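Welcome! Please take a moment to look over the sequence and the 3D view below before reading on.

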Amino acid sequence: MRQELRHRLFALGPVVGLVLVIVFFAVASGAPERYLSGHNLRVVLAQTVIVAVGAIGMTLVIVAGGIDLSVGSVIALTGVVCAMGLRDGWPPLAAVMAAVLVGALVGLVNALAITRLKVVPFIATLGMLGIARGAAKWLAGQSTVDAPASWVNELAVTVPPSSWMLVAPGVWVALLLAVVMAFVLRRTIFGRRVFALGSNEAAARACGIAVERLKLAIYSVAGLFFGLAGVMQMSRLRQGDPTVAIGTELDVIAAVVIGGGSLSGGEGSILGSMVGALVMAFLRNGSQQMGWPTYVQEILIGVIIVAAVAVDRWRHAQGGEE
């Protein structure tokens, strides 16, 4: 009974953290009516889209006991691919699909390095971080790629193209994908196998799960979301920039960890990761309104990541004692 109560309290932790961040900056800014205004909420949600979409994919990877450090570079690469497609006259949907598929291809290459070459995920994706960034600069000719106006440019705008939408179209896309993937992760055989893999790979293999093929699927599906995050990044900037999203992998990983994902694998939820992404967005937005320099935000994010991992370790230690 006590253990179940403790589990519920930890599950509510990310929501409590989000509320505390919002209340702190609403009070500290001296203008809560401005910080909590509909306009600022739209700004925060539009800023959340990139990290939120990336966090959906990262949740799969972390629950499976892996890690992917190449997210930021993949976002830059796929943003460039999408912008190039639009510039060359491709239908907008074709440009978006090309970017998403490139993200999936990068994820597949990561998985092949992990399963076939037996490279640990940290090193394999660290190497891809450099490869994808270099590929983005090569494709873009080391400059930005301007994209002509299309509906893709409206995905991550602060003010939606139609007032009835309330928030940017990308926010609704992220919400829909989060609901779908939450169902997949919790209610399907694939999702159960992902949790089994992260909890104990040897036991999963002994139960007949094709571990290598599962990893190929996990990293490829995660790559699809990283590619879509790249499209959102391109939409926000209205151009493909090979130098953007440096360090975004930290925000994405932090969102998952804050949301209850365990770097040891076997734990995590899409809902928690979405709450974690909101925490990161409100933290950055509040810091900007307070006039704090960028390095303060980076320090805060680093502290939050360490604290979240420390709490996760402590929780596991308490569970082990019981």
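## About the model

This is a predicted model, in which local features need pLDDT of at least 70, side-chain atom pairs count only at pLDDT 80 or more, and totals for chains, interfaces and linings use all residues. Residues are numbered from 1 along each chain as its sequence is written, and side-chain values use heavy atoms, with hydrogens and water left out.

## Helices α3 and α11

Two packed helices are described by the angle between their axes and the distance between the axes. Let's begin with helix α3, residues 38-63, and helix α11, residues 248-258: they pack at about 65°, and their axes are 8 Å apart. Axes here are lines fitted to C-alpha atoms, for helices over the stretch in contact, and angles run from 0 to 180 degrees between N-to-C directions. Helices (H or I, at least four residues) and strands (E, at least two) are DSSP runs, numbered from the N terminus. α3 and α11 cross in a right-handed way; a crossing is right-handed if the near helix is turned clockwise from the far one by less than a right angle, and left-handed if anticlockwise.

Which residues of α3 and α11 meet? From α3 come Val51, Gly54, Ala55, Met58, Thr59 and Ile62, and from α11 come Asp251, Val252, Ile253, Ala255 and Val256. Contact means heavy atoms within 4.5 Å. Sorted by type, the residues of this contact are eight nonpolar, two polar and one charged. In that sorting, Ala, Val, Leu, Ile, Met, Phe, Trp, Tyr, Cys and Pro count as nonpolar, Asp, Glu, Lys and Arg as charged, and the others, Gly among them, as polar.

## How α11 sits in the structure

In α11, 10 of the 11 residues are buried, so this helix is largely enclosed by the rest of the structure. Buried means under 20% relative accessible area, exposed over 50%, and partly exposed in between (1.4 Å probe, protein chains only). Among the buried residues of α11 are Thr248, Glu249, Asp251 and Ile258. After α11 comes glycine 260, with a positive phi near 105°.

## Helices α4 and α6

A second pair to find is helix α4, residues 71-87, with helix α6, residues 121-139: they pack at an angle of about 25°, their axes 8 Å apart. The crossing of α4 with α6 is left-handed.

On the α4 side, the contact uses Gly72, Ser73, Val74, Ala76, Leu77, Val80, Val81 and Met84, while α6 supplies Leu129, Ala132, Arg133, Ala135, Ala136 and Leu139. By type, the residues in the contact of α4 with α6 are 11 nonpolar, two polar and one charged.

Isoleucine 75 belongs to helix α4. Is isoleucine 75 buried or exposed? At 1% relative accessibility, isoleucine 75 is buried. Beyond neighbours within four places in sequence, isoleucine 75 contacts Ile50, Phe226, Ala229, Gly230, Gln233, Ala245 and Thr248.

Leucine 155 is found in the loop between β1 (145-146) and α7 (169-187), and is buried at 11% relative accessible area. Residues up to four places away in sequence aside, leucine 155 touches Ala168, Pro169, Gly170, Val231, Met232 and Ser235. Leucine 36 lies in the loop between α2 (32-35) and α3; with neighbours within four places in sequence left out, leucine 36 is in contact with Ile22 and Ala26.

## Cysteines

How many disulfides does the structure hold? The count is zero, where a disulfide is a pair of cysteine sulfur atoms within 2.5 Å. Cysteine 82 is buried, with a relative accessible area of 0%, whereas cysteine 207 is exposed at 67%.

## Positive phi angles

Most residues other than glycine have a negative phi. Leucine 166, which is not a glycine, has a positive phi of about 70°. Leucine 166 sits in the loop between β1 and α7 and is exposed, with a relative accessible area of 55%.

Alanine 245 also has a positive phi, near 65°. You can find alanine 245 in the loop between β2 (239-240) and α11, where alanine 245 counts as buried at 11% relative accessibility.
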